[in-house]
Amino acid sequence: VKLDNKLKNRQFKKESTDKKHRKEQKKLRAAIKDAVLKTPLPLERYKKRPEEEEFVESLPMDMMEEDDLEQIKAMAQKASFLTRDLSSSGPVHAKKRKGEQQGPESYEKMPRKMQLTEEKEVIHLLPIKDKIRGLIPQSMEKPGACLCCWYVSTEDEAMPGPALTPQEQLTLRTQKLTNRKLRIASLGSDILSDPTTNIKKLKELRAMLMETDPYVAVTVRKLVMVSLMEVFKDIVPSYRIRPLTETEKASKVKKETQQLREFEEGLVSQYKFYLENLEQTVKDWKQKKRKRSEAVSLQSYRGLAEVAIRCICELLVALPHFNFHNNIIVTVVPLMNDPVKRVSDMCCEAVKKLLKQDKQGHASLGTVKVISGLVKSRNYDVRPEVLLCLRIKEVEVKKDTDDTAPKKKFMNYKDKKKNLSRMQRKWKKAEEKLEKELLEAEASESKDKKLKLHTETLNIVFLIYFRILKKAQKSILLPSVLEGLAKFAHLINLEFFDDLLNVLQHLIQSGDLTYRESLHCIQTAFNILSGQGDVLNIDPLNFYSHLYKTLLKLNAGASNDDISIVLRCLDVMLTKRRKQVTLQRALAFVKRLSTLSLHTLPNATVGILASNRTLMHTFPKCDILLDNEAQGSGVFLPELDEPEYCNPQNTALWELHTLKRHYHPVVRRFATHLCAGAPSEGSGALIVQLTFPFHNNSTCS
């Protein structure tokens with residue numbers, strides 16, 4: 001039936017088209033026939049009207065010279081085709097011969113002066129139909145047009161007026177600013193109330209970014225920037241808008257679909273223009289450009305640029321899924337290295353938030369790529385905060401699978417038997433089986449995609465770190481690189497371990513590192529060896545010796561910020577590698593830590609004593625240091641920097657008796673507990689648990 005209807009419609013359209021064509025051909029033939037039959041009318045002779053003769057006679061001829069009078073008459077005869085005498089004068093536009101050289105007349109050299117007529121704005125009304133004249137068009141002058149013209153002319157001409165007092169200027173500025181605020185609020189509320197219908201008002205609101213009134217230009221532009229940012233955050237959909245193809249544009253759709261398309265197209269275009277305005281504001285501030293309007297002074301551009309950067313950062317965090325997000329990243333990342341600390345901190349904080357809340361990994365990958373290009377293009381001369389922002393989380397497979405797979409409740413056997421028939425139960429069982437398979441496939445695909453994105457992101461992060469270790473070892477970025485490697489060392493590929501350990505050992509032996517940087521080197525090396533590197537047959541004796549030698553650099557004369565890194569290093573070096581650590585090495589570190597606890601602040605002393613307690617539980621034979629009568633071969637050498645050969649078994653922990661008289665009550669209690677042999681059960685353990693309920697044997701920090 002549909003095919004028959006389509007065929008009939010085609011035939012009907014073809015017949016109507018042919019009928020129209022035949023009518024047009026008929027009219028054309030009739031017009032040609034009428035034109036052939038009509039005879040041309042003869043030309044009318046031009047005769048002077050009596051009024052013209054009277055006017056010429058009334059001219060004051062006595063005040064004119066004869067040459068001028070003849071020239072005026074000749075010009076009057078040649079003025080046009082209607083006014084000249086056809087019987088006496090020759091053709092006006094006769095072709096000039098090649099031999100003749102006629103110079104221009106004197107009046108042709110004179111410039112023409114056209115009378116300027118003011119164009120009036122006109123409103124076209126409905127036409128009137130008359131029996132004789134047919135349709136008569138109607139129009140009227142637009143009301144208020146004269147007022148606008150007067151306003152523009154007075155602005156352009158800058159008519160001098162009375163000078164305003166400061167109080168009057170302040171009142172005028174307040175009034176103008178109030179009007180602008182009301183206009184911004186009205187447009188914003190209209191857009192938010194019905195974005196699909198009022199999408200064109202976004203253009204009006206964005207046009208206020210070009211405010212030229214010097215009294216309120218800076219304030220109005222800032223208000224419009226922030227207002228547009230909040231409007232876009234509210235009306236932007238939760239999906240990315242793609243451009244329509246030519247086929248989609250040509251196809252016919254419903255009215256609602258067409259309205260949605262227009263809304264999306266207008267939203268994307270206005271969002272793009274808004275981002276371009278913000279970026280141009282920042283560029284003008286950087287390049288110190290003065291605009292033609294001069295509504296904003298150069299001193300005010302910094303405030304405008306800071307507001308624009310804040311808006312860009314907010315959009316970076318709030319709309320990571322929407323269009324032009326990569327363009328925002330390209331704008332924000334170079335500003336992380338800006339010399340103005342406020343701007344740099346603002347951008348670094350936005351990037352940290354973005355990386356922290358990014359669950360899929362697309363935004364993190366794009367950001368890390370741009371940071372890598374920035375570091376390389378600036379020849380590694382960037383602020384350390386740029387690299388400190390790179391805090392990529394490790395993907396937890398189980399958690400991601402649970403989060404990705406939606407929780408759907410299926411009917412149990414009792415519900416099926418109660419509510420469904422036998423055939424319906426059969427169909428329901430097959431349907432649930434298919435849904436479970438689809439959910440598993442979807443979760444697996446999402447998990448694999450996320451793992452791939454995170455792997456690629458970490459590869460770029462390690463590429464940045466390795467470049468700096470290889471080419472810029474004296475750069476200010478080295479502490480950030482070592483700190484990042486200490487965090488992500490367990491994720492590094494096994495084939496890089498040997499080269500990386502050699503580089504870290506070379507850095508420590510060079511002596512160019514600070515104490516904190518050397519601690520990060522040690523932590524990185526042992527994180528590598530504690531993870532996949534435990535299969536490598538490497539004895540990191542140099543790292544043990546360096547930490548043992550530099551432990552005494554900690555003191556109460558400076559802040560103990562590095563004590564947490566020291567305790568983490570001790571945990572990964574001694575506790576987690578207990579099978580590879582000799583008893584001599586463990587005894588030497590326990591003795592050195594007890595000596596260190598005498599000249600540190602109370603919080604650091606408590607952490608060191610907790611670490612000693614963990615080591616005494618991990619290596620039970622360390623209790624010989626609590627016995628004064630124990631003797632061994634050799635003499636204890638505290639000044640020796642090698643923990644293996646300093647004979648620590650020949651000394652005792654006399655420092656604990658000194659700490660029992662410490663001014664801090666917690667230190668006294670902990671020292672008493674260690675003197676008792678650090679029992680894990682009984683009254684001594686109960687004292688430690690009441691004092692440190694968070695402490696256990698598995699951690700030393």
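Predicted model: local features only at pLDDT ≥ 70, side-chain atom pairs only at ≥ 80, totals over all residues.
Contact here means heavy atoms within 4.5 Å.

Of its 701 residues, 34% are buried. Taking contacts between residues at least 6 apart in sequence, 69% join residues at least 24 apart.

Aromatic rings come next. The whole structure holds 9 aromatic pairs. One of them brings together Phe232 and Tyr271, edge-to-face, at 5.1 Å centre to centre and with 65 degrees between the planes. This pair bridges distant parts of the chain, since Phe232 belongs to helix α8 (residues 217-235) and Tyr271 to helix α10 (residues 255-287), 39 residues apart. Phe232 is buried, at a relative accessible area of 0%, and Tyr271 is likewise buried at 0%. Tyr271 pairs with Phe322 too: the ring centres sit 5.3 Å apart and the planes lie at 65 degrees, so this pair is also edge-to-face. Because Phe322 is in the loop between α11 and α12 (325-335) while Tyr271 is in α10, the pair ties together parts 51 residues apart in sequence. Phe322 is itself buried, with 0% relative accessibility. Ring pairs join Phe232, Tyr271, Tyr274, Phe322 and Phe324 into a cluster.

With 13 residues at 1.5 Å a residue, α23 should span 18 Å, and its end C-alpha atoms are 17 Å apart, which agrees. Most of α23 is covered, 11 of its 13 residues being buried; among them are Ile563, Leu567, Cys569, Asp571 and Thr575. The cover over these buried residues includes α21 (515-530), α22 (541-550), α24 (583-596) and α25 (602-618).

As for the cysteines, the count of disulfides is 0. A disulfide calls for sulfur atoms within 2.5 Å. For Cys347, the closest cysteine sulfur is that of Cys313, 4.1 Å away, so the two are too far apart for a bond. Cys347 is buried, at 0% relative accessibility, and Cys521 is buried at 0% as well.

Conventions:
Residues numbered from 1 in each chain as written. Heavy atoms only, no water. Buried < 20%, exposed > 50% of the residue type's maximum accessible area, 1.4 Å probe, protein only. Helix = DSSP H or I, 4+ residues; strand = E, 2+ residues; numbered from the N terminus. Expected span 1.5 Å × (residues − 1). Phe/Tyr/Trp six-rings, centres within 6.5 Å; stacked < 30°, edge-to-face > 60°.
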